[in-house]
Amino acid sequence: MVSTHSIMATALACLAFSVAPVTATTYSMVKEYYGSTFFDEWTFYNNYDNLTNGDVVYVSAQNATTDQLAYVDTSTNHAIIKVDNTSTVVWDNKRNSVRISSDDTFGVGSLWVADIYHAPYGCSVWPAWWSQAAVWPQGGEIDTFEGINTNTQNQMSLHTETGCTAISQNQTSTLVASTNCSYAANEDQGCIVTDPSTGSYGAGFASSGGGAFVTEMASTGINIWFFARSAIPSSLSSNESSIDTSAFGIPVGNWPSTGCNITEFFEPQNLIFDITLCGDWADGATWNSTCSGICYNNWVMGNGTDYDNAYFEVGYVRVFSTEGTNTVVSPTTTGSGSSSTTSTQSSSSAGLPYGGYWMSATLLVVVGLFSALFTLA
């Protein structure tokens, strides 16, 4: 008779060795957003949130500058992207906020790094650092950083056309609900993973000085790493022009090409920062378990002091291409899509992941147990 401990050990071994190792690659820097010129090559959405039904107006570049919602702090050279926390919003009006999208897009073979010292959090707040192709969902979407309300863990996901699946993941995070990345499945929740670290989102992220998010879009798969401020690799902290992913260890999120053909489902990506309020997810099924009152009435309306923590503070964004290549696609490049997002193009705006937030990697362990039982039988 086989003991429970032996079965569990075998099951975990199946999980550990059924995944392929993440391929190490060397990248060279091709683009940097930093300092006084940080905002020079981004498009401001300049429209109300018609994407996720949030209670915000995404302001123009001129208004963002005038109202100090997007600016560079000259004392630190860090970029600030924030929700208006000084105006009084009355009934049936929306609060001003910012959504920016990079003018350039970045193709397969790219890796981008965002050094974030502070990220928005609090009741009704829904921030995201993510990317999508000019045409959605055909060109895919990668959500690197996303959360709502008083959550404490970052959520990552992919959104694609039908045919992309998360399988055999070599990662440190927890699988949530669905391995199907298709926008047409499960109300477009995507294939979601959650960072186990409570320092990856919310007050915990801010109090520890934030950290660096690395997103790799390679032909072999998509990987996301998160490094807390105290654990950022020297190749990133020393601003090296060339980096090797072998120094990064196991990613927190991993979607290998064995389940999702990256070159088929992902086209050059615009990089995006945005902060919305309430909306489909923040004011969704989990609202009453995280916050009190009515999202719009008790939070968006009023004098705005509830949004003192609703801001990004970004040290830099750097983009790298596989060594010897250049994956930058500029707006003037023949055949490239327009980087402007001021139209009403279809978009999930960092997805609608609220539907499956509660499930965990227990599913993977169960699969491993059954595999072990049949092997040992």
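These legends go with a set of close-up views of one predicted model. Local features need pLDDT of at least 70 and side-chain atom pairs count only at pLDDT 80 or more, while totals for chains, interfaces and linings use all residues. Residues are numbered from 1 along each chain as its sequence is written, and side-chain values use heavy atoms, with hydrogens and water left out.

View 1. Rings of Phe, Tyr and Trp (its six-membered ring) pair if their centres lie within 6.5 Å; planes under 30 degrees apart count as stacked, over 60 as edge-to-face and the rest as tilted. Trp-126 is in strand β11 (residues 125–133) and Trp-281 in helix α6 (residues 279–282), so this contact ties together parts 155 residues apart in sequence. Helices (H or I, at least four residues) and strands (E, at least two) are DSSP runs, numbered from the N terminus. Both tryptophans, Trp-126 and Trp-281, are buried, meaning under 20% relative accessible area with a 1.4 Å probe, protein chains only. The count of aromatic pairs comes to 21.

**View 2. Two arginines sit over tyrosine rings.** Arg-99 lies over the face of Tyr-45, 4.9 Å from the ring centre. Over at Tyr-316, the charged end of Arg-318 is 3.7 Å from the centre of the ring.

**View 3. Cys-123 is bonded to Cys-291.** The S to S distance is 2.1 Å; a disulfide here is a pair of cysteine sulfur atoms within 2.5 Å. With -100° about the S-S bond, this link between Cys-123 and Cys-291 is left-handed. Cys-123 comes from the loop between β10 (110–118) and β11, and Cys-291 from the loop between α7 (287–290) and α8 (295–300), so the pair ties together parts 168 residues apart. Cys-123 is buried at 12% relative accessibility, as is Cys-291 at 8%.

View 4. Cys-164 is buried at 1% relative accessibility.

**View 5. Cys-181 pairs with Cys-191.** Their sulfur atoms are 2.0 Å apart, and the 95° about the S-S bond makes the link right-handed. The whole structure has 4 disulfides; numbering the bonded cysteines in sequence order, the pairing runs 1-7, 2-5, 3-4, 6-8.

Methods: Buried < 20%, exposed > 50% of the residue type's maximum accessible area, 1.4 Å probe, protein only. Lys NZ or Arg CZ within 6 Å of the ring centre and 35° of its normal.
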